[in-house]
Amino acid sequence: MPLLKYLRLMDTMARMALRADASRYFLGYLWWLLEPLLFVAVFYVVFELVLETGRGDFLVFLMCGKLAFIWFSKSVNQASNSIPANKGLIGRINVTKTLFPLSVIHEGVYRQMAVFLLLFCFLFARGLSPDATWLFLVPIILVNYLMIVACSFVGACLVCVVRDFSMVIS
């Protein structure tokens with residue numbers, strides 16, 4: 001399959017999965033933002049309110065770290081299980097098996113773009129205006145994306161060989 005068709009198919013699969021996921025719930029696309037914010041809220045309540053760590057801008061630190069980690073962990077977990085989840089389709093058509101983890105990763109990128117937009121709006125509202133140091137985010141996000149792809153491929157191979165690895169990865 002030519003690279004351009006492969007990329008289009010991957011993008012189409014990711015977009016269709018996002019639409020299907022959004023139509024499954026009443027709040028739909030809003031869950032893309034609510035789920036990570038609920039994770040952050042739990043950590044904020046525990047560490048800032050209950051334990052009273054009082055370390056200044058803890059919420060900013062927490063959001064920057066936790067939102068990036070959620071992207072990594074959810075993408076790797078879902079992409080690792082994508083080949084066994086699509087075994088019926090894989091048995092019917094001849095397609096490169098890397099298509100399934102990559103489409104799940106691409107789906108996570110779309111969700112994370114909305115989350116990062118929310119994060120940037122939050123940072124701007126807290127008085128942290130963009131400057132030249134924000135340009136370092138581009139290579140950091142690219143490295144995170146490459147780590148997600150690498151870990152997802154390794155995870156997908158391991159899960160295909162021994163299904164029990166899906167429990168270890170999650």
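Author: Let me start with a cut-off: a residue is called buried under 20% relative accessible area, exposed over 50%, and partly exposed in between. This is a predicted model, and valine 45, which is found in helix α2 (residues 31-50), counts as partly exposed because its relative accessibility is 38%.

Reader: Switching to charges, how many salt bridges does a search of the whole structure find?

Author: The search finds six. One of them pairs aspartate 11 with arginine 15, at 2.9 Å from N to O, and since these residues are four apart in helix α1 (residues 3-24), about one helical turn separates them.

Reader: And what does aspartate 21 form a salt bridge with?

Author: Its partner is arginine 24, with the closest N and O atoms 3.4 Å apart; both residues lie in helix α1, three residues apart. Aspartate 21 is buried at 16% relative accessible area, whereas arginine 24 counts as exposed at 56%. Asp21 and Arg24 also belong to a salt-bridge network with Glu107 and Arg111.

Reader: Where do arginine 126 and aspartate 57 lie in the chain?

Author: Arginine 126 and aspartate 57 form a salt bridge whose closest N and O atoms are 2.5 Å apart. This pair links distant parts of the chain, 69 residues apart, with arginine 126 in the loop between α6 (99-125) and α7 (137-161) and aspartate 57 in the loop between α2 and α3 (58-80).

Methods: Residues are numbered from 1 along each chain as its sequence is written. This is a predicted model: local features need pLDDT of at least 70, side-chain atom pairs count only at pLDDT 80 or more; totals for chains, interfaces and linings use all residues. Side-chain values use heavy atoms; hydrogens and water are left out. Helices (H or I, at least four residues) and strands (E, at least two) are DSSP runs, numbered from the N terminus. Buried means under 20% relative accessible area, exposed over 50%, partly exposed in between (1.4 Å probe, protein chains only). A salt bridge is a side-chain nitrogen of Lys or Arg within 4 Å of a carboxyl oxygen of Asp or Glu.
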